[in-house]
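Hi there,

Here is the structure I promised to pass on to you. Please open it next to this email, and then read on for what turned up.

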Amino acid sequence: MRQEQFVTRYQQEWQQFENWLQQRGEQRSRKTTPSADLPGDETIPQRYRRLCQQLALAQHRGYSPQLVEHLQQLMQRGHNLLYRTPTPRWQRAVEFLFADFPLAVRSQAASMWTACALFVLPLVGIFVLLQYKPELVHLLLEPSQITQMEKMYDPNADSLGRDSGTDWAMFGHYIMNNISIGLRTFASGLVAGIGTILVLVFNGITIGAVAGHLQQAGYGEPFWRFVVGHAPFELTAIVIAGGAGLQLGLRLLAPGRMRRVDALVEGGRIGARLCLGVAFMLLVAAFIEAFWSSIAWVPMWGKLTVSAVLWLLVLGWLWRGGRGGGHAH
């Protein structure tokens, strides 16, 4: 076969392979979205083997050095991309937390804002209501709960926000408690999203009732000194878990053009990624709650300053994370 015929027969195939190499390399470095015109990843190993065979033929038949060199470069680039050293796990974890997770949160913005409203509005509404109608707390909380809360945040108590337990013991307790709330909020989305709605509203009412009662009864200062530190991570994580559950329920109710089972699988995949980030946030919240929130000697202004910094970090992370790298999902 003459060189011109050889090039005519395989040139389009080489060009497609080169386009795949270029865009996949960009996607690795800048996390761009692959073009729909690219050959599927599953075809690349076969295309690479064909390229090696074509290079061997070109060398055997004595085709021009320029053609042989071009094919050698394509083969070397393909080898580097296909057989590169995997990214270290710690690096993948960092990329996920600082880029992929914030992007996943923003990609479900409608669900996230809905979850935020379902959680925050009952919380604020009940808090304000109890400042004017304090007796209504008995409709929202059990007497034992009220007694326990008042004991935990007694201004005359030596401890702050907890009865007993070492920092590490409470750290473990907070982790189990926080993670269970997050997973329950997400998983209840399987009940057509209704479960997630109920969990968000219930948590909002409960937190609002506790905060509202303690504030009205004169226990507000120790209560706020305890909760403001871990609130940025914990409350935001609850909202994100709720948003993950809502998008899962929405896909179950309105799968669009997808089969219901496929839409549910896609929602589960998105939700699982969101829950990984939520678990990290709740872990951080538990650490802050165990080792910082319970410190009684730090004055109110110190606790509020740290809380403000953490709120800025959390909101900035979720708002800006992944933007600089051009990630897209």
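**Salt bridges and one exposed methionine**

In this predicted model, the side chains of Arg50 and Glu13 come together in a salt bridge, with 2.8 Å from N to O. This pair ties together distant parts of the chain, since Arg50 sits in helix α2 (residues 44-60) and Glu13 in helix α1 (residues 3-30), 37 residues apart. Why do such pairs turn up? Side chains of opposite charge can pair when their charged atoms come close.

Have a look at how the two partners sit. Arg50 has a relative accessibility of 33%, so it counts as partly exposed. Glu13 has a relative accessible area of 17% and is therefore buried, because buried means under 20%.

Now for another pair: the side chains of Arg273 and Asp100 also form a salt bridge, at 3.8 Å from N to O. Is Asp100 buried or exposed? With a relative accessible area of 16%, Asp100 is buried, whereas Arg273 is partly exposed at 27%.

Glu266 forms a salt bridge with Arg269, and their closest N and O atoms are 2.7 Å apart. These residues are three apart in helix α12, which means that about one helical turn separates them. Glu266 is partly exposed, with a relative accessible area of 27%, and Arg269 also counts as partly exposed, at 45% relative accessibility.

How many salt bridges does a search of the whole structure find? The search finds seven, so there are others to look for beyond the ones described here, because a salt bridge needs a side-chain nitrogen of Lys or Arg within 4 Å of a carboxyl oxygen of Asp or Glu.

Finally, take a look at Met176, which is placed in helix α8 (residues 167-187). Met176 has a relative accessibility of 61% and so counts as exposed, because the cut-off for exposed is over 50%.

Enjoy exploring, and write back with any questions.

Best wishes

Conventions:
Residues are numbered from 1 along each chain as its sequence is written. This is a predicted model: local features need pLDDT of at least 70, side-chain atom pairs count only at pLDDT 80 or more; totals for chains, interfaces and linings use all residues. Side-chain values use heavy atoms; hydrogens and water are left out. Helices (H or I, at least four residues) and strands (E, at least two) are DSSP runs, numbered from the N terminus. Buried means under 20% relative accessible area, exposed over 50%, partly exposed in between (1.4 Å probe, protein chains only).
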